[in-house]
Amino acid sequence: DNLGGSTTHDSITDLKERLAKFMQVSKEIMGLEGAGAQLKEEAFISICDLLIVFGHCGEANGQTPLKPLAFKPDEGMGVLLNIFIQDHVFIEDEDEDIDDHQKIEELHKRRNFLACYCKLVVYNVLPTKSAADVLKHYVTFYNDYGDIIKATLGKARENNKTNCAKTMIQSLIYKFNELQQEVAGIDRGSEDFHAIKELAKRFALSFGLDALKNRDAVASLHREGILVAVNPLENPEDPAGAPPNLAFLEILTEFTGKLLKQDKKVVLGYLDKRVAGGGPNSRGDD
C-alpha cells in the first residue's frame with residue numbers, strides 16, 4: 001500500500017520486466033508456425049487481458065506511481081492480434097461432422113476472441129482504425145457477431161466520431177480492394193459489389209437522424225472516400241477510360257443522405273476540385 005516506498009518501486013520495476021518478457025513470449029508463440037492451436041489461443045487471450053489491465057495503467061487519479069507499468073502495444077502486436085481474429089473468428093464451418101453442441105461451443109469461443117479484440121478498441125488500447133478489418137465483416141457474419149460489431153461501432157463513435165467514420169470508410173476500402181483483386185474489373189451489378197453497398201448502408205444507418213451532431217464525421221468520411229475514388233485519375237488499363245476506382249463513389253452515395261444541405265455543395269466542390277486538379281495528393285487545404 002505504501003506507493004512511495006522503495007519496496008514498491010522495486011516491485012514495480014520487477015513486474016514491468018516480467019510483463020515485458022511475458023508479452024514477448026506470447027507474441028512469439030502467436031507467430032510460431034509449429035505452435036499448437038490451443039497454445040496460440042491462450043497466448044491471444046493473455047495478451048488481450050493484460051493489455052486491458054496495463055494499457056492505461058497509472059492514468060487514473062492516485063495511480064501515478066504505477067505509470068511505469070503502462071504497456072502500449074506496438075504496431076506489430078496490433079497486426080498479430082488482427083491476423084489471429086481473421087484466421088480464427090471470421091471463418092466458415094467446413095467440418096460437417098461436428099454436432100450442434102460442438103458448433104455452439106465453437107461459436108461461443110470465437111465470439112469471446114472477437115469480444116477480447118474489440119474491447120481493446122473500445123478502451124482505446126488499440127487505435128480505432130484497428131477495427132476496420134472487423135467492421136468489414138458486419139453484414140457477412142451478422143448472425144454470429146452482429147451484436148458485438150454493432151456495440152463496438154457504437155462505443156467507437158462515442159470515443160471519437162471522426163475516427164469512427166474514417167474507420168468505416170477504411171473497412172469499405174478493404175472490401176472494395178479485395179473485390180478488385182478477385183475480378184478484372186468492378187461489375188457494379190454484381191452481388192459482391194451490392195454486398196459492399198449493403199455494408200455502407202448499415203454504416204450510414206448507424207449515424208442515426210441527428211445530421212448536425214455527426215456533421216464533421218460525415219463530411220470527413222466523404223473526403224476520404226473521394227480521395228480513394230479519384231486516386232489514381234489515370235487508368236493504366238485504358239488511358240481514355242475513367243479512373244479505376246471511380247465505382248467507389250457509388251458506395252459513398254449511401255452516406256450522402258446524412259450530409260447537411262450546405263455540406264453537399266462543399267463535398268461536390270471538393271470532388272470537382274480533385275478531378276480538375278488532377279491529383280488528390282495535396283491535403284493541406286482539407
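Helices (H or I, at least four residues) and strands (E, at least two) are DSSP runs, numbered from the N terminus. On that basis the protein has 11 helices and zero strands. The model is predicted: local features need pLDDT of at least 70, side-chain atom pairs count only at pLDDT 80 or more, and totals for chains, interfaces and linings use all residues. Residues are numbered from 1 along each chain as its sequence is written, and side-chain values use heavy atoms, with hydrogens and water left out.

**Overall layout**

- Read from the N terminus, the order of elements is α-α-α-α-α-α-α-α-α-α-α.
- Along the principal axes, the C-alpha atoms of the protein fill a box of roughly 70 × 55 × 40 Å.
- The protein has 286 residues, and 40% of them count as buried; buried means under 20% relative accessible area, exposed over 50%, and partly exposed in between (1.4 Å probe, protein chains only).
- The accessible surface of the protein is about 16300 Å², with 51% of this area belonging to carbon and sulfur atoms; such areas come from the Shrake-Rupley method with a 1.4 Å probe, and for residues only the protein chains shown count as cover.
- Among contacts (heavy atoms within 4.5 Å) with a separation of 6 or more, 70% are between residues 24 or more positions apart.

**Packing of α4 and α6**

- Helix α4 covers residues 100-122 and helix α6 covers residues 142-159; their axes come within 10 Å and cross at roughly 5°.
- That angle makes α4 roughly parallel to α6.
- Axes here are lines fitted to C-alpha atoms, for helices over the stretch in contact, and angles run from 0 to 180 degrees between N-to-C directions.
- Angles under 35 degrees count as roughly parallel, over 145 as roughly antiparallel, 65 to 115 as roughly perpendicular and the rest as oblique.
- On the α4 side the contact is made by L107, R110, R111, L114, A115, C118, V121 and V122; the α6 side contributes D144, Y145, D147, I148, I149, T152, K155 and N159.
- By class, the contact of α4 with α6 has nine nonpolar, two polar and five charged residues; Ala, Val, Leu, Ile, Met, Phe, Trp, Tyr, Cys and Pro count as nonpolar, Asp, Glu, Lys and Arg as charged, and the others, Gly among them, as polar.
- A151 is also in helix α6, and its relative accessible area of 46% makes this residue partly exposed.

**Helix α3**

- Helix α3 (residues 75-88) has 14 residues and reaches 20 Å from its first C-alpha to its last, close to the 20 Å expected at 1.5 Å a residue.
- The expected span of a helix is 1.5 Å times one less than its number of residues.
- In α3, the buried residues are M77, G78, L80, L81, N82, F84, I85 and Q86.

- α9 has 15 residues and reaches 21 Å from its first C-alpha to its last, close to the 21 Å expected at 1.5 Å a residue.
- Because 11 of the 15 residues of α9 are buried, this helix is largely enclosed by the rest of the structure.
- The buried residues of α9 are A217, V218, A219, S220, L221, H222, G225, I226, L227, V228 and A229.
- A219 belongs to helix α9 (residues 215-229) and has a relative accessible area of 12%.
- A219 and K264 are 45 residues apart along the chain, and their C-alpha atoms are separated by 8.7 Å.
- N214 is in the loop between α8 (191-205) and α9, and is buried at 2% relative accessible area.
- Not counting residues up to four places away in sequence, N214 touches R157, K161 and F207.
- P232 lies in the loop between α9 and α10 (248-252), and the peptide bond from N231 to P232 is cis, with omega near 0°.

**Backbone at N124**

- N124 lies in the loop between α4 and α5 (132-135).
- Although N124 is not a glycine, it has a positive phi of about 60°.
- N124 counts as partly exposed, at 42% relative accessibility.
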